[in-house]
Amino acid sequence: MSAAAICDRTRLRVRVSGAVQGVGFRPYVYGLARRYGLAGFVVNGPEGVTIEVEGNRASEFVAALPLEPPPLARIDHICVQRTGALAAQDFSIHTSEGGRLSTRIVADAATCRQCLGELFDPENRHYLYPFVSCSHCGPRYTIAEQLPYDRRNTVMKAFRLCAACAAEYADPASRRFRAEAIACPICGPRLSHGVNAIAAAIAGGQIVAIKGLGGYQLLCDARNQDAVQRLRSRKQRPQKPFAVMVGSIERVNEIAEANAAELALLESVARPIVLLTSRNDLAPATAPGLSRVGVMLPVAPLHHLIFHALHSTGTWLAGAAPVIVATSANSCGEPLVIDNAQALRRLKGIADLVVTHDRDILTRADDTVLSVVASRPQFVRRARGYVPEPIRLARSVPVVLAVGGALKSTVTITRGNEAFVSQHIGDLDTAEGICVFEQTIHHLTSTLDVEPVVIAHDMNMHPDMASTRFAQASGRALVAVQHHHAHAAAVIAEHGHAGPALALVLDGHGFGSDGGNWGGELLLCEGTRFRRIGHLAPLQMPGGDRAAREPWRMASAVLQALGRGHEIAPRFAAQRQAGRVSALLDQAGGATTTSAGRLFDAAAALLGVASLQSYEGEAAMKLEALVRRTAILEAGWTIDRDVLSLRPLFSRLIADNIDTADGAGLFHGTFAVACIDWVRRAARRTGVNTIVLSGGCFLNAVLADEIERGCCSAGLNPLVPRKLPPNDGGLSLGQAWVAALQTAEQSSALEGAT
């Protein structure tokens with residue numbers, strides 16, 4: 001073809017933004033360009049991927065581009081411009097460009113089917129290699145130092161590619177083209193112990209620590225009660241449930257009931273833990289007192305190899321499929337361990353065998369936990385497999401850093417019309433936890449290449465809240481956002497809702513604008529402002545914060561309020577302080593709370609389910625586990641001047657003849673209907689029909705399902721958290737949204753004044 005003929009052809013410059021780096025997008029573009037006989041190039045750049053294509057079928061190429069992208073790619077926007085033809089004759093892949101970044105790294109992904117096939121193919125060079133990966137799977141966010149996502153900017157730069165891997169890495173036709181984590185037994189990372197030794201230890205009842213994608217995990221036989229109890233003792237985790245891992249989707253039904261939506265979540269590329277109804281076929285210590293168990297499938301090649309080796313032993317419980325506990329490797333209250341030396345030091349008293357490898361983890365990422373509520377996925381904890389996927393905002397906003405709360409901490413950074421919510425960090429009540437919190441902020445700001453103009457934090461009256469201290473020490477402009485307003489704003493931001501909304505926030509605890517202990521609130525929200533228009537009836541908190549750890553104290557407050565304080569001591573005789581609490585409740589000026597979470601605690605203690613709790617939400621979770629069906633106590637609540645009281649319901653719960661399971665069903669059913677009545681009245685009075693449902697109590701599947709369906713039946717429009725948990729894990733997004741809107745308002749006001 002002559003140069004003149006080539007110059008007559010169309011040349012287009014195509015810019016693609018989204019999750020398009022490190023996911024096999026360039027080889028996909030290369031193959032597509034060759035299919036349509038086009039010349040030009042593709043290159044990773046600061047804003048995503050830039051493509052120039054030249055030829056008579058360039059328009060067909062653009063139309064086909066978004067139709068079959070690689071599995072991990074996410075295309076947000078495609079911009080096309082016509083440009084002058086260059087008489088190009090071939091299509092090439094260029095070296096990444098520098099510049100200020102507006103692209104992103106994708107989340108870590110579970111082993112794909114192609115790599116899994118190679119893992120167990122004796123003829124393949126990746127046979128039984130625990131670090132096999134390609135452009136469609138493997139670590140991403142946890143191994144990346146900075147953007148652009150090239151091998152030199154990841155921990156894999158420490159491993160020089162062998163000739164075979166280098167050939168695949170350079171071949172645009174290979175699914176390992178520019179797959180930054182690729183390696184093989186010759187040139188890649190290596191385990192400290194053999195897989196057979198790991199499997200033998202688990203089968204023998206030992207506890208094994210392995211280095212996973214986002215941190216170390218502790219494994220043991222989930223059917224061995226002694227092994228699970230030893231793990232609890234060593235990890236100092238007496239009651240909090242453990243997740244379990246099964247070898248394949250076909251084995252899930254042996255230990256739990258799962259519907260199609262739950263099975264789809266289990267098999268998704270993120271491989272989260274999914275809460276399923278247990279068949280009680282595991283060691284009782286796995287999830288004591290609960291009706292659901294967290295189940296996950298193998299994530300990394302090493303997991304698949306361990307199950308393969310366990311099956312190969314031929315001695316696994318008379319043919320039963322192996323099930324292993326898979327929980328984060330840390331002591332109670334400490335951050336997830338990621339460093340080899342630290343693992344050997346800190347886990348030697350927990351694990352009988354510590355398995356390391358020489359591929360570093362740069363960013364901690366705990367396992368994500370999800371459940372299916374009202375036929376939709378709901379996050380309990382958002383981390384590995386989902387972070388750093390951004391949440392799209394309704395508008396572009398200033399760059400804000402929001403530092404979340406004290407519990408279930410996350411941080412959020414806004415960039416343009418996106419909000420990047422960090423992985424679950426945990427509680428900020430230890431020096432190690434605070435250090436991880438600060439490291440997460442540094443890593444997120446550096447990989448996003450932004451500098452916040454303002455920092456948003458919890459409007460907390462407590463002077464020692466670590467996230468607030470960090471904000472105050474930053475020297476930047478600050479915006480304090482009330483805790484429950486932030487819960488509501490997170491859902492509003494996620495849904496892109498404009499205009500007013502009522503918010504039903506049912507939470508455990510948070511300081512209110514008046515300095516009180518809030519937690520069961522009805523708010524009217526619009527833009528940056530909110531107004532408290534209702535709340536749960538205040539209840540005394542004997543012992544202050546101690547009442548949150550000892551549900552019997554909240555039950556005592558209920559008894560006292562009902563004029564039955566004389567029953568406290570005999571009902572809770574096992575508690576040493578029971579005889580003194582009545583006098584404490586008689587004193588004026590004691591702490592009170594409107595917390596919904598404390599009502600669950602009180603109900604659990606009154607029904608004999610839990611008088612003490614060793615982890616947050618234990619009493620409420622065990623109460624929920626007893627619900628066989630819900631029931632409604634007619635006239636079981638009152639609403640007076642927008643204050644909702646469950647006093648009549650509690651009078652019924654303390655009756656001697658009520659069955660515990662029936663009482664649990666009656667509490668859940670009546671509380672849900674009372675809340676629906678409450679919001680319906682408020683909607684009628686305000687004319688606002690959009691109802692935001694948020695707060696930690698909405699992790700309760702029974703309550704969440706009944707309130708959401710009840711709102712719909714009442715003609716209201718419920719907005720629920722879909723991309724973040726309803727608990728404090730979503731708090732930072734709400735803070736960021738309120739602060740961003742407030743900052744934008746102030747900027748507009750200043751511009752107007754000048």
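Visitor: What volume does the largest cavity have, and what makes it a cavity rather than a pocket?

Guide: In this predicted model, the largest cavity has a volume of about 170 Å³. The term cavity applies because a 1.4 Å probe fits there but cannot get out.

Visitor: Which residues lie nearest the centre of the largest cavity?

Guide: Pro 130, Leu 213, Ala 300, Pro 301 and Arg 359. The lining numbers 21 residues. Strand S6 (208-211) and helix H10 (301-313) are the elements that give two or more residues to this lining. H10 supplies the largest share, three residues.

Visitor: How do the lining residues of the largest cavity divide by class?

Guide: Twelve are nonpolar, seven polar and two charged.

Visitor: What is the volume of the second largest cavity, and which residues are closest to its centre?

Guide: The second largest cavity has a volume of about 110 Å³. Closest to its centre are Gly 214, Gly 215, Gln 217, Asp 367 and Arg 384, out of 14 lining residues. By class, this lining has five nonpolar, six polar and three charged residues. Six cavities in the structure are of 30 Å³ or more.

Visitor: Why is Thr 111 called buried?

Guide: Its relative accessibility is 8%. Buried means under 20%, so Thr 111 qualifies. Thr 111 sits in the loop between strand S5 (91-93) and helix H4 (113-119). Among the residues that Thr 111 touches are Cys 137, Arg 271, Ala 300 and Pro 301.

Visitor: Which residues of helix H13 are buried, and what covers them?

Guide: In H13 (residues 466-473), the buried residues are Ala 466, Ser 467, Thr 468 and Ala 471. Their cover includes helix H12 (431-448), strand S19 (454-458) and strand S20 (477-481). Just after H13, Gly 475 takes a positive phi of about 80°.

Visitor: What makes a set of residues a nonpolar core, and which members of the largest one touch the most others?

Guide: Members must be buried, of a listed residue type, and joined through side-chain atoms within 4.5 Å. In the largest core, of 70 residues, Leu 504, Leu 506, Phe 650, Phe 667, Phe 671 and Ile 707 touch the most other members. Helix H22 (residues 660-686) gives the largest share, eleven residues. A second, separate core of 40 residues includes Ile 255, Val 295, Val 325 and Val 372.

Visitor: Which residues does Phe 667 touch?

Guide: Leaving out residues up to four places away in sequence, Phe 667 touches Leu 599, Phe 600, Ala 603, Leu 623, Leu 646, Leu 649, Phe 650 and Leu 653.

Terms used:
Residues numbered from 1 in each chain as written. Heavy atoms only, no water. Helix = DSSP H or I, 4+ residues; strand = E, 2+ residues; numbered from the N terminus. Buried < 20%, exposed > 50% of the residue type's maximum accessible area, 1.4 Å probe, protein only. Contact = heavy atoms within 4.5 Å. 1 Å grid on protein atoms, 1.4 Å probe; cavity = no way out; pocket = protein on both sides within 12 Å on 5 of 7 lines; lining within 4 Å. Points joined across faces, edges and corners; volume = space filled by probe spheres on them. Nonpolar A, V, L, I, M, F, W, Y, C, P; charged D, E, K, R; others polar.
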